[in-house]
Amino acid sequence: MNRLKDKVAIVTGGGTGIGEAICKKFAREGAKVIVSGFPEDPVHDVVREIMTEGGDASPFIADISVEDNAMRCVEFAVNTYGKLDILINNAGVFPVMAEIQNYPIDAFEYLIKNNIRSAFLMTRYAIPELKKTKGCIVSAGSESGKLGLGENSVYGGTKGWMHAFTRGVAVEQAKYGIRANCVCPGAIDTAWTHKETGPMKAKHEQMIIAGTPMGRRGTPEEIANAYLFLASDEASYVTGALFSVDGGITISKGPVGKEAESEVTEEPKGELNLHHSMDGATNMLRGVPREVHQP
Ligand SMILES: NC(=O)c1ccc[n+]([C@@H]2O[C@H](COP(=O)([O-])OP(=O)(O)OC[C@H]3O[C@@H](n4cnc5c(N)ncnc54)[C@H](O)[C@@H]3O)[C@@H](O)[C@H]2O)c1
């Protein structure tokens, strides 16, 4: 229960989906957590739920792809808890699936802003504080950044950027004692991978499940478990890793998931009380207006 005892962590995009699970997992393991998200995200709910369980968390509500907000987010962590040990670059968006000749230019720009600019700015402003604590960064990669996925090439491209960015940061910052790694999920059971709440159509849903040897999506908690390991001191010799947590989809070919036995295709229940797995951002209306709302 104490793998992150007395650590201070920022989790961007911490109000929903995988981010909610990371925040709750880290809080259970003794971390003080800054839960960051857009004004529309249930950030206050997550903070309240963590406090009710006896954990410690504080909300930071702002669009962290805006430079001033990214800077203030790091300042807020240090002013609130005295230091920063862990930056989790989890915030991201997935607005559209389309072939490139039809891909909306504003969706491209929305992806660059929220998936790339936010991670760059948060990393840039966090590093001086992480140098003081010999801290670490764990960022959201993806199997789509390793493979390149049809109708998803722009999103996959932002994740390929995250992989290379993380490795560059890992190399140059190792001398200061800072580690940087990526968790690379496959299809996870959040708003993004359901046709009712995200950009995937029924055919995409069928493809991701059939293409995963385990024949199912991963749970947000299964992803949070990998973030926990990489953020903890147990990973003291791990840096520059692209850590796949993907039910085997990155190494598989064809509809292998259809062969998975029924016990394998059942999602594990997990231990966390998650309420916002399906509340994530899948459209381009999030983050407006962009002012900072501090508690
Ligand atoms: N769900 C999947 O199948 C999957 C697979 C691979 C990788 N990932 C990665 O995991 C991360 C989380 O995905 P999720 O499925 O939990 O989605 P989600 O929409 O539930 O969570 C992302 C959160 O980030 C927030 N956010 C985005 N841009 C922001 C900004 N500029 N400022 C503040 N908050 C911002 C969103 O509002 C949202 O709450 C993403 O980076 C995604 O690329 C997800």
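**Reading the ligand shell, core and helix packing**

In this predicted model, 33 residues surround the ligand, and the closest are Gly-13, Gly-17, Gly-92, Ala-140 and Gly-280.

Q: How do the residues of the shell divide into nonpolar, polar and charged?
A: The shell around the ligand holds 12 nonpolar, 18 polar and 3 charged residues.

Q: How is the packing of two helices described?
A: In general, one gives the angle between the two axes and the distance separating them. Here, helix H3 (residues 67–81) packs with helix H4 (residues 105–133) at an angle of about 35°, the axes being 8 Å apart. The crossing of H3 with H4 is right-handed.

Q: Which residues of H3 and H4 make the contact?
A: H3 contributes Glu-67, Ala-70, Met-71, Cys-73, Val-74 and Val-78. From H4 come Leu-121, Met-122, Tyr-125, Ala-126 and Glu-129. By class, this contact has 9 nonpolar, no polar and 2 charged residues.

Q: Where do nonpolar side chains tend to lie in soluble globular proteins?
A: They tend to be buried together. In this model, the largest nonpolar core has 68 residues, and Ala-9, Val-33, Cys-73 and Tyr-227 have the most contacts inside it. Cys-73 also belongs to the H3 side of the contact with H4.

Q: Which residues does Ala-9 touch, not counting residues up to four places away in sequence?
A: Ala-9 touches Phe-26, Ala-31, Val-33, Ile-34, Asp-85, Ile-86, Ile-88 and Ala-231 on that count.

Q: Why does Asp-6 count as exposed?
A: Asp-6 counts as exposed because it has 11 C-beta neighbours inside 10 Å, and the cut-off for exposed is 12 or fewer. Glu-151 has 19 other C-beta atoms within 10 Å and is therefore partly exposed.

Q: Which residues does Arg-3 touch, not counting residues up to four places away in sequence?
A: Arg-3, in the segment before strand E1 (8–11), touches Glu-29, Leu-228 and Ser-232 on that count. Arg-3 is partly exposed because it has 17 C-beta neighbours inside 10 Å.

How values were computed. Residues numbered from 1 in each chain as written. Predicted model: local features only at pLDDT ≥ 70, side-chain atom pairs only at ≥ 80, totals over all residues. Axes fitted to C-alpha atoms, helices over the stretch in contact; angles between N-to-C directions. Helix = DSSP H or I, 4+ residues; strand = E, 2+ residues; numbered from the N terminus. Left-handed = near helix turned anticlockwise from the far one by under 90°. Contact = placed C-beta atoms within 7 Å. Nonpolar A, V, L, I, M, F, W, Y, C, P; charged D, E, K, R; others polar. Core = buried A, V, L, I, M, F, W, Y, C linked by C-beta atoms within 7 Å. Buried ≥ 20, exposed ≤ 12 C-beta atoms within 10 Å, placed from the backbone. Near = placed C-beta within 6 Å.
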